[in-house]
Amino acid sequence: MSAPPQTGEQKPLYITTPIYYVNGLPHVGSALTTVACDVLTRYHKFKGEAVYFLTGTDENATKVQDAAEKAGVSTQQFVDELAVAFRECWDSLHIGYDDFIRTTEPRHTHAVQVFFERLIERGHVYLDTYEGWYSVSDETFFRDTDVENGIAKETGKPVVRVTEENYFFRLSAFGDRLLEHIEQNPDWLLPEFRKNEVVAFIKEGLRDISISRPNRGWGIPFSSDPTKIIYVWVDALINYLAATGWPDSPGWDKLWPADLHFMGKEIFVRFHATLWPAMLMALDLPLPTQIYAHGWWTIGGSKGGKTGPALPHPTRLTQFLIERTGMTEEIAVDAQRYLLCREMNFGPDTEFSVENLLRRYNNDLANDLGNLLNRTIGMMTKYYDSVTPEGGLDAEVGEVARVAVLQYEASLKEFRFNIALEAAGTIVARANKFIDEKAPWSLSKAANNGDSAAATELALTMRTCLEVVRISALLVLPFMPRAAQELYSQLGLSEKFKSETFEATEWGGLVSGAKVGPARPVFPRIQELTVDEETLLKLGSSYTGNSASLTENDPTTLNSTKTNSTPKENLMETITNTTPTTQPAEVQSEMPPGTLLPPPISAQEEETLINIDEFMKVQLKVGEVLAAERIPNADKLLRLTIDLGEPEARTILAGIAEYYVPEDLVGKKVTVVANLQPRKMRGIMSQGMLLAADVDGKASLLLPDQNTPIGSRVR
Ligand code: MSP
């Protein structure tokens, strides 16, 4: 964490996430907001701008107190544990926050009390009786017209009737000023359609709002009247100011106002776009520059999260991605960051689906980016002994890259992360097609036969591919910092990576003479794209079932639960309270004592084992390639004639045309599945299959010892 800027220093861009309620664990909903802010932070830093990124936890809510009570532990212990869980989760997602504020910290409590005293001094507060509805779940006061049959119409959450002597804030006095500010600052509230909701809400008529609640022993008490605590939303919003050091630390105004408050839509209209700016106006404090709200992850159309249908816990999702792909943890984290930002629409709600994430992974990361990298490095090794040649770059691909960078920037300006990534993907797709068009394997052959034009063209082709990988690495960097570094390293540019800035995305920055490789698959392809109900359940942030692979180092396990001092069953109950009703009862009861947080799923549980008899049904044999040729109009297939020691050679079609030059295969011994049902492709009957390893989406043939006799059985 870094300190806020000091007096005299340049004002950094100040970006905030909401502070999350600690009545449950983080999930991919809170992660989406946090990752998106981290992406913005990294992007602006990459552009050379100073950024200060704040996140934190909202701990004084009644619902947090209720959750702790239900768990049978002190509220303080409960919030301490969950604040750690949030922090660890963000750390595991490589969130580079500068500050993590907790609303139970003295710096926050002090700022809230001072803020309140100043509101009173300026005459914005009066004492009255509130009679109406309160939703603990939403921590919101509702009027009669907002409620039907004991449910808040806006949120679908239960309300209770309360009569309380409360302090009121004269919110009604700020409607016109708010409308004027919206009018004069067209980019203040984003996106546009949500701004319209705010305008409609204000025009309906703002009413004064209760800003206190009876003191039940948790929350920030009034300095002058300890029978009351400050309403949790007033308390929570002030975190953004408290983190700057306001009111006492010199230099707080070097950070304030915030440049961006970023959040989900449910806390936009009432709180961030109305109450908060009115509170700031009341103290003549500058307003935040932009306030943006994205849509939700939904499951079956309902908001997913702590109280709705379960969303995966980010750490578990990382482990799941590792299990499905075999990639490193660092890259799996990056992949998750990419997938969340690429799959979410950001404007409207988006239905969440793990299977969609897996499909997106295979498409964008394994097949497109990963494949481009592998092909490029593989060919560089073969044709240039891994040293980037001198030569030109393809102007047309360069133009695609230039347009993509412009689109990427424009999209990030509007917080459309998915569109920014889509733009980045267009260059990768173009480069993969470019390889097919140029057929470097043919150019290489011609060059070896003395064709100098082919030699020039081959250098241009390979350099263009390297340049696309380089620019793509820089564009995905804010989303996937570790993967970007790995791509740069495979380009032989590790040293350069550290000092690169966004300007390096300009076409033409490739360095000749760099030693590329060695090829290391970054994004292995996922073979199994379906995810069963039980696995989804176990990924959920509220899942509490047993798992064989729970270890001392389980990143989702809270510290205090590793000791014997916590009444764990009660803590568990709190978390299971939010578990979807579809969860089988026996799964819940298997929870090991001493575990507040859910364990990761085990790899073994996912595997389907076969016995030796089942394996022996597959006849694997060694064969020799007698002939190999391309098939007209089939970019991916080669037609092979293979001798398996049988009376007649077999014809086998193999999808390896992108990776092997036909002539190179002739005379090679290969491994063949000999008892596969024959299958017609492109009008040709294929009589078997070649075994190949899937290396990041690229086929790598399994070649037996070349002295193995033809027809040998493999087992
Ligand atoms: N504590 C308040 C915020 C106070 S800010 C001064 C709060 N906390 S929360 O834990 O409920 O977090 C809400 C935020 O988490 C949302 O605004 C959004 O950013 C994120 N999300 C929670 N569930 C989400 C989805 N299902 N989908 C997308 N974002 C989600 O409200």
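Reply: Two strands pair if DSSP finds at least two bridges between them. The model is predicted. Strand β15 covers residues 297-299 and is joined to β17 by 2 bridges. β15 and β17 run parallel.

Next, the second largest pocket. Its volume is about 830 Å³. The lining counts 31 residues. Closest to the centre are K636, G655, I656, Y659 and A699. Several elements each supply at least two lining residues, among them α14 (417-438), β19 (634-643) and β20 (650-654). Helix α12 (354-384) is also in that group. The largest share, 4 residues, comes from α12. By class, the lining divides into 12 nonpolar, 10 polar and 9 charged residues.

Last, a helix pair. The axes of α2 (residues 62-71) and α3 (residues 75-92) come within 9 Å and cross at roughly 105°. Angles of 65 to 115 degrees count as roughly perpendicular, so α2 is roughly perpendicular to α3. On the α2 side, the contact is made by V64, Q65, A67, A68 and A71. On the α3 side, T75, F78 and V79 take part. These contact residues divide into 6 nonpolar and 2 polar, with no charged residue.

Methods: Residues numbered from 1 in each chain as written. Predicted model: local features only at pLDDT ≥ 70, side-chain atom pairs only at ≥ 80, totals over all residues. Heavy atoms only, no water. Axes fitted to C-alpha atoms, helices over the stretch in contact; angles between N-to-C directions. Parallel < 35°, antiparallel > 145°, perpendicular 65-115°, else oblique. Contact = heavy atoms within 4.5 Å. Nonpolar A, V, L, I, M, F, W, Y, C, P; charged D, E, K, R; others polar. 1 Å grid on protein atoms, 1.4 Å probe; cavity = no way out; pocket = protein on both sides within 12 Å on 5 of 7 lines; lining within 4 Å. Points joined across faces, edges and corners; volume = space filled by probe spheres on them.
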